[in-house]
Amino acid sequence: LQGRRRRAAELPRRAPGRREYMWDGTDQNGRELSSGVYLDRVTCRSESGPATGSAGGWQLGGKISLVR
């Protein structure tokens, strides 16, 4: 595990529902990354958090296998 960062993406606000995001295998500078296993994290923030008024949300992590 090398700890290199792949490209981060900020997606526009949308209504609740299922989403799909395609990654083109490049890093934040647009360079193609080599084959390997990459760790991914998706963070979703919600402005309508718990009753206390603080923002809620969730995170989901996983692995992506990139084969060239």
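1. Let's start with Thr26, which sits in the segment before β1 (strands, E, at least two residues, and helices, H or I, at least four, are DSSP runs numbered from the N terminus). This is a predicted model, where local features need pLDDT of at least 70, side-chain atom pairs count only at pLDDT 80 or more, and totals for chains, interfaces and linings use all residues. Residues are numbered from 1 along each chain as its sequence is written, and side-chain values use heavy atoms, with hydrogens and water left out.

2. Is Thr26 buried or exposed? Thr26 is buried, at a relative accessible area of 8%; the cut-offs are under 20% for buried, over 50% for exposed and partly exposed in between, with a 1.4 Å probe and protein chains only. The Thr26 side chain makes a polar contact of 2.6 Å with the side chain of Asp24. A polar contact here is a pair of N or O atoms within 3.5 Å; within protein, one must be able to donate a hydrogen and the other to accept it, and residues adjacent in sequence count only if both atoms are side-chain atoms. If you skip residues up to four places away in sequence, Thr26 touches Arg6, Arg7, Arg31, Glu32 and Leu33, a contact being heavy atoms within 4.5 Å.

3. A polar atom of the Asp27 side chain lies 2.8 Å from the backbone nitrogen of Asn29. With neighbours within four places in sequence set aside, the contacts of Asp27 are Arg5, Arg6, Arg7 and Leu33.

4. How many salt bridges are there? The count is two, taking a salt bridge as a side-chain nitrogen of Lys or Arg within 4 Å of a carboxyl oxygen of Asp or Glu. One of them joins the side chains of Asp27 and Arg31, at 3.1 Å from N to O. Asp27 is buried at 6%, while Arg31 is exposed, with a relative accessible area of 51%.

5. Then there is Arg68 with Glu32, a salt bridge whose closest N and O atoms are 4.0 Å apart. Arg68 is in the segment after β2 (56-66) and Glu32 in the segment before β1, so this pair ties together parts 36 residues apart in sequence. Glu32 counts as exposed, at 61% relative accessibility.

6. What does a search for aromatic pairs turn up? One pair in the whole structure, where rings of Phe, Tyr and Trp (its six-membered ring) pair if their centres lie within 6.5 Å; planes under 30 degrees apart are stacked, over 60 edge-to-face and the rest tilted. The Trp23 and Tyr38 rings have centres 5.6 Å apart and planes at 70 degrees, so the pair is edge-to-face. Trp23 lies in the segment before β1 and Tyr38 in strand β1, so the pair ties together parts 15 residues apart in sequence. Trp23 is buried at 17% relative accessible area, and Tyr38 is buried at 9%.

7. Arg4 is another residue from the segment before β1, and it is partly exposed at 49% relative accessibility. Leaving out residues up to four places away in sequence, Arg4 touches Ser34 and Tyr38. Its C-alpha lies 9.8 Å from that of Leu33, 29 residues apart in sequence. From Arg4 to Asp27, 23 residues apart along the chain, the C-alpha separation is 8.9 Å.

8. On the surface, Val42, Trp58 and Leu60 form a nonpolar patch with about 300 Å² of accessible area together. Patches are made of residues with over 30% relative accessible area and no salt bridge, joining like charges within 9 Å and nonpolar side chains (Val, Leu, Ile, Met, Phe, Trp, Tyr) within 5 Å. Val42 is in strand β1 (residues 36-46) and is partly exposed, at 37% relative accessible area.

9. Chain totals, for your notes. The protein chain has zero helices and two strands, and 12% of its 68 residues count as buried. Among contacts with a separation of 6 or more, 41% come from residues 24 or more positions apart. The accessible surface is about 6300 Å², with 50% of it belonging to carbon and sulfur atoms; areas come from the Shrake-Rupley method with a 1.4 Å probe, and for residues only the protein chains shown count as cover.
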